[in-house]
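Please read the sequence and the structure shown here together with the report below.

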Amino acid sequence: MTAKRTLAVVSAGLSQPSSTRLLADRLRDATVARLEQDGYEVETTSIELRDLAQDITNNLLTGFPSPRLSEAIEAMTAADGVIAVTPIFSSSYSGLFKSFFDVVEPTALTGVPVALGATGGSARHSLALEYAVRPLFAYLRAVTVPTAVFAASEDWGSGDAQVGALPARIDRAAGELSALVAASDRSGRLDDPFALDRPFSELLGGLGA
């Protein structure tokens with residue numbers, strides 16, 4: 001039986017089409033190719049935050065997620081690996097990107113492998129990945145891969161992402177993420193509905209009290 005792995009791809013681009021979504025898709029494709037090369041069957045879920053903006057705002061105001069926001073969060077937190085890409089505004093992640101992760105339970109991504117990406121108009125903003133985005137996922141206790149991928153406007157060239165070192169950075173990050181995802185069994189775990197929250201002996205002792 002072919003082993004299966006799941007990937008959730010979160011992109012926070014505001015325009016359509018979006019260079020942020022394009023970078024997220026390139027990271028996804030490279031990671032899937034690596035995993036399939038190693039014999040894994042890969043299921044991917046794309047989470048476009050632009051489409052969930054109203055749901056995220058309502059959740060922040062009411063404390064309750066809509067069904068489609070719940071579905072997106074569940075797909076991400078149950079995945080074997082996550083690719084998260086944000087545009088850089090004012091030298092940091094976008095408000096939409098941060099708001100989405102604000103409504104995720106702080107421990108829901110504990111131990112989950114995450115590849116980070118960002119887009120911006122200038123390579124000067126690339127360090128935002130290290131001083132803003134990576135600390136956010138450290139707080140969430142995710143395992144971020146060493147290589148974070150920043151794509152500036154000049155990296156895209158004619159739009160085929162073949163200019164400069166961007167393809168090499170994508171490939172390196174994909175290799176790091178695929179290795180961690182291959183080692184994960186997160187999506188294959190099933191919660192036992194009959195599991196006890198205490199040892200059976202303790203429950204028996206309580207009955208005799």
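This is a predicted model: local features need pLDDT of at least 70, side-chain atom pairs count only at pLDDT 80 or more; totals for chains, interfaces and linings use all residues.

Residues are numbered from 1 along each chain as its sequence is written, and side-chain values use heavy atoms, with hydrogens and water left out.

**Whole chain**

Eight helices and seven strands are found in the chain; helices (H or I, at least four residues) and strands (E, at least two) are DSSP runs, numbered from the N terminus. Of the 209 residues, 46% are buried. Buried means under 20% relative accessible area, exposed over 50%, and partly exposed in between, with a 1.4 Å probe and protein chains only. The accessible surface of the chain is about 10900 Å², and carbon and sulfur atoms hold 54% of this area; areas come from the Shrake-Rupley method with a 1.4 Å probe, and for residues only the protein chains shown count as cover. Among contacts with a separation of 6 or more, 79% join residues 24 or more positions apart, where contact means heavy atoms within 4.5 Å.

**Salt bridges**

Side chains of opposite charge can pair when their charged atoms come close. The whole structure has nine salt bridges, each defined as a side-chain nitrogen of Lys or Arg within 4 Å of a carboxyl oxygen of Asp or Glu. The table includes three of them.

| Pair | N to O distance |
|---|---|
| R28 and D29 | 2.9 Å |
| D102 and K98 | 2.7 Å |
| E130 and R134 | 2.7 Å |

R28 is buried at 17% relative accessibility, whereas D29 is partly exposed at 41%. Both R28 and D29 belong to a salt-bridge network that also links R21, D25 and E48. D102 and K98 lie four residues apart in helix α4 (residues 95-102), about one turn of the helix. D102 is partly exposed at 42%, and K98 is partly exposed at 25%. In helix α5, E130 and R134 are four residues apart, so about one helical turn separates them. E130 is partly exposed at 37%, while R134 is buried at 16%.

**Aromatic rings**

Rings of Phe, Tyr and Trp (its six-membered ring) pair if their centres lie within 6.5 Å; planes under 30 degrees apart count as stacked, over 60 as edge-to-face and the rest as tilted. Five aromatic pairs are counted by this rule. In one of them, the ring centres of Y93 and F97 are 6.4 Å apart and the planes are at 35°, so the pair is tilted. F97 is buried, with 0% relative accessible area. A cluster of ring pairs links Y93 and F97 with F100, F101 and F137.

**Single residues**

D55 belongs to helix α2 (residues 53-62) and is buried at 11% relative accessibility.

S15 is in the loop between β1 (4-11) and α1 (19-37) and is partly exposed at 43%.

S122 sits in the loop between β5 (113-120) and α5 (128-139). S122 is buried at 18% relative accessibility and touches F150 and A152, residues up to four places away in sequence not being counted.
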